[in-house]
Amino acid sequence: MKAVKPYYKIITLVLTGFAVVWGTAFHSPEWGFFGHRKINRMAVFTLPPEMISFYKKNIEYITEHSVDPDKRRYATKHEGVRHYIDIDAWGDQPFKTVPRIFSDALIKYNQFFLINGMDTTTVEVVYDRDTTSISFNNTSFKYETQELRNRFRKYIMPQYYEDQWILNESMIDSLFPGVNDQQQLLVEDHFSSEGILPYHLNKTYFNLVQAFKNKDRARILRISAEFGHYIGDAHVPLHTTRNYNGQLTDQVGIHAFWESRIPELFADKEYSYLVGKAQYIDKPHSYFWNIVYESHQLLEDVLKIEQDLRKSFPEDQQMCYDERLDRTIKTQCPEFAKAYQERMQGMVERRMQDAILSIGSVWFSAWVDAGQPDLKDFGEIVIEEEKIEIDPNVNTRSHE
């Protein structure tokens with residue numbers, strides 16, 4: 001572990017047209033608003049003395065803004081995919097075959113087409129960690145994957161947030177030297193729609209380190225709050241599968257049941273939050289993937305236990321009506337939820353505890369990697385309001 005050297009005002013996030021959404025699509029977001037707020041809040045108390053004073057002064061911001069990423073899911077199509085990764089979409093042994101480097105995953109799973117006037121040619125890409133081959137029209141190239149990765153990042157990654165990724169002739173020649181008789185290269189992203197959570201965690205970590213280095217107090221708080229949200233999502237088994245809401249196994253609604261209903265009923269009264277002190281993470285990139293792996297290993301139990309319980313539990317005692325935000329909703333009865341929790345033997349509590357310690361640890365590690373800047377004299381700051389406008393054209397996953 002590296003050696004560790006011995007205010008802002010809270011302002012309300014403005015959401016255009018949010019009142020309607022709150023009562024519908026926001027009924028049961030990831031971990032529920034309750035769960036994310038609880039996890040972020042408790043993570044503050046894992047921090048060392050050099051950090052905890054600053055974070056405790058701003059604990060209300062860290063708590064309330066833990067749910068900002070959920071709100072943003074309905075404003076931009078690029079937000080939703082940051083909350084999950086359908087790792088089982090990529091074969092029987094995805095943790096062995098899916099590249100851990102984001103650009104490599106895009107190279108391996110995306111589709112490439114050369115377009116010359118009315119002619120379209122498919123570019124075949126065979127990815128390997130060391131050498132990647134590219135072929136089209138009886139022409140074949142072999143690249144060291146590191147070199148191809150560098151070119152991909154330079155010429156294609158800047159287009160990631162565009163509706164289409166298109167390279168002109170000069171850019172193609174830079175990416176694939178000698179291939180200069182084609183007019184355009186079209187790249188179709190077939191990977192991101194299955195989720196990019198662990199890659200986004202890695203990027204967010206880098207951003208937090210930079211915020212600490214720059215002593216940008218507002219950015220430190222904003223990234224810390226949102227980082228906590230994504231770390232929390234990574235601890236949810238149903239954020240690692242295409243069967244994210246039980247829709248493939250006749251268990252629709254299990255997502256909100258596991259991560260919202262259970263914590264809302266039992267987290268305050270029964271769960272312990274004594275998780276210990278934040279630890280320095282030596283290899284954040286591997287650490288984030290390990291969280292996803294551990295969550296995915298729990299998936300079978302999450303589904304099977306609920307499935308078995310529904311067969312044995314009286315059917316008329318499984319679903320009840322409850323009042324939420326001036327609405328009457330149908331949700332799992334407390335007795336049914338308690339039985340599910342007991343059969344899982346504390347799984348939800350342990351994942352919440354692990355999330356709390358993980359969040360504190362990534363905050364702490366980013367601070368250490370930034371050179372342990374002094375946080376004691378930051379003073380009071382005002383964080384500019386973020387205006388989130390709901391886009392009705394954005395389709396995102398519902399977990400109800």
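Helices, of at least four residues, and strands, of at least two, are DSSP runs that are numbered from the N terminus. In this predicted model, Gln159 sits in the loop that runs between helix 8 (145-155) and strand 6 (165-167).

Is Gln159 buried or exposed? Its relative accessibility is 13%, and buried means under 20%, so Gln159 counts as buried. The backbone oxygen of Tyr155 is 3.4 Å from a polar atom of the Gln159 side chain. Leaving aside residues up to four places away in sequence, Gln159 touches Gln164, Trp165, Ile166, Leu167 and Met171.

The next topic is the nonpolar interior. In soluble globular proteins, nonpolar side chains tend to be buried together. Here the largest nonpolar core has 108 residues, and those with the most contacts inside it are Tyr55, Leu185, Phe212, Tyr340 and Trp363. Helix 16 (residues 347-369) supplies the largest share of this core, 12 residues. Phe212 touches Trp363, and its other contacts include Met51, Tyr55, Ile220 and Pro373, not counting residues up to four places away in sequence.

Which residues line the second largest cavity? They are Ile107, Phe112, Val125, Ile134, Leu148, Phe152, Leu175 and Phe176. By class, this lining has 8 nonpolar residues, with no polar and no charged ones.

Methods
Residues numbered from 1 in each chain as written. Predicted model: local features only at pLDDT ≥ 70, side-chain atom pairs only at ≥ 80, totals over all residues. Heavy atoms only, no water. Buried < 20%, exposed > 50% of the residue type's maximum accessible area, 1.4 Å probe, protein only. Polar contact = N/O pair within 3.5 Å; in protein donor to acceptor, adjacent residues only side chain to side chain. Contact = heavy atoms within 4.5 Å. Core = buried A, V, L, I, M, F, W, Y, C linked by side-chain atoms within 4.5 Å. 1 Å grid on protein atoms, 1.4 Å probe; cavity = no way out; pocket = protein on both sides within 12 Å on 5 of 7 lines; lining within 4 Å. Nonpolar A, V, L, I, M, F, W, Y, C, P; charged D, E, K, R; others polar.
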